Amino acid sequence: MSVMDVITTRRSIKNFTDRVITKDEIEQMLGAVCQAPNHRLTEPWRFYVLGPESREGYGRALGMRKAKKVEDPEAAQAVIDKVGRSHRALPGMIIVAITQNENLEIREEDFAAAWMGIQNLSLAAHDMGLGTHLKTGAIMDDPNGRTAVGVAEGERIVAVIEVGEPESMPEGRARCASGDWTTWVP
Ligand SMILES: Cc1cc2nc3c(=O)[nH]c(=O)nc-3n(C[C@H](O)[C@H](O)[C@H](O)COP(=O)(O)O)c2cc1C
């Protein structure tokens with residue numbers, strides 16, 4: 001596929017097949033992150049590749065947050081168990097974290113660089129016949145979630161990336177043409 005084809009046909013994948021994702025495939029995707037532009041070559045990214053135990057632990061931490069809205073204790077426990085199980089069942093889960101520079105300007109640049117890397121990863125995965133779904137949210141700061149991941153103290157989790165072979169390719173919603181958002185400044 002051309003780069004433009006990869007960019008325009010990539011979609012967030014919600015359902016994966018059972019196909020196992022190999023260490024080599026994960027390393028190729030992480031290698032794509034490392035090729036991203038990063039100012040001053042700070043290489044801020046840190047990767048956590050989760051196995052079944054830690055995936056379930058992270059899922060249970062997420063489930064606990066969801067369960068807070070459920071009054072019945074049995075139903076709340078069922079939510080925790082279900083989210084834990086669904087995360088264990090994922091073919092792959094990668095956490096991208098970044099180091100937190102003392103300099104706020106560098107910190108912001110590092111956050112931006114991490115997202116450039118994450119897009120590289122998503123595009124590389126798609127080119128390899130795999131799919132990704134990016135997940136973010138307050139869970140990334142939750143002590144239970146962080147413990148499950150084993151993220152180092154002082155690092156910021158930027159994204160949780162579910163990865164696997166797509167069960168099907170979603171159509172994707174139409175995007176506006178760039179012209180709708182463009183001002184050509186003389
Ligand atoms: C910064 C960022 C955070 C995202 N967080 C979530 C998330 O927490 N949960 C989710 O289901 N999708 C999340 N997504 C995926 C978007 O919802 C998705 O990209 C969007 O719906 C467009 O669909 P597409 O990726 O198939 O083009 C996130 C995407 C980005 C760029």
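In helix 3, P52, R55, E56, Y58, G59, R60, L62, G63, M64, K66 and A67 meet A76, V79, I80, K82, V83, G84, S86, H87 and R88 of helix 4. Residues are in contact here if their C-beta atoms, placed from the backbone, lie within 7 Å. Helices (H or I, at least four residues) and strands (E, at least two) are DSSP runs, numbered from the N terminus. By class, this contact of helix 3 with helix 4 has 9 nonpolar, 5 polar and 6 charged residues. Ala, Val, Leu, Ile, Met, Phe, Trp, Tyr, Cys and Pro count as nonpolar, Asp, Glu, Lys and Arg as charged, and the others, Gly among them, as polar.

The model is predicted: local features need pLDDT of at least 70 and side-chain atom pairs count only at pLDDT 80 or more, while totals for chains, interfaces and linings use all residues. Residue numbers start from 1 along each chain as its sequence is written.

Two packed helices are described by the angle between their axes and the distance between the axes. Axes are lines fitted to C-alpha atoms, for helices over the stretch in contact, and angles run from 0 to 180 degrees between N-to-C directions.

| Helix pair | Angle | Distance between axes |
|---|---|---|
| Helix 3 (residues 52-67) and helix 4 (residues 73-88) | about 145 degrees | 7 Å |
| Helix 2 (residues 23-34) and helix 5 (residues 104-127) | about 140 degrees | 7 Å |

Helix 2 passes helix 5 in a right-handed crossing. In helix 2, Q28, M29, A32 and V33 meet G117, I118, N120, L121, A124 and A125 of helix 5. The residues of this contact divide into 7 nonpolar, 3 polar and no charged.

Helix 2 also holds E25. Leaving out residues up to four places away in sequence, E25 touches M128 and L130.

The sheet is open, with 4 antiparallel strands in the order 1-2-4-3. Strand 1 (45-50) and strand 3 (131-135) stand at the edges with a single partner strand each, so one side of each is left without a neighbour in the sheet. Two strands pair if DSSP finds at least two bridges between them. Strand 2 (residues 92-98) and strand 4 (residues 156-164) run antiparallel and are joined by 7 bridges. A97 has I157 in strand 4 as its bridge partner.

Note on methods. Two residues are in contact if their C-beta atoms, placed from the backbone, lie within 7 Å. A crossing is left-handed if the near helix is turned anticlockwise from the far one by less than a right angle, and right-handed if clockwise.
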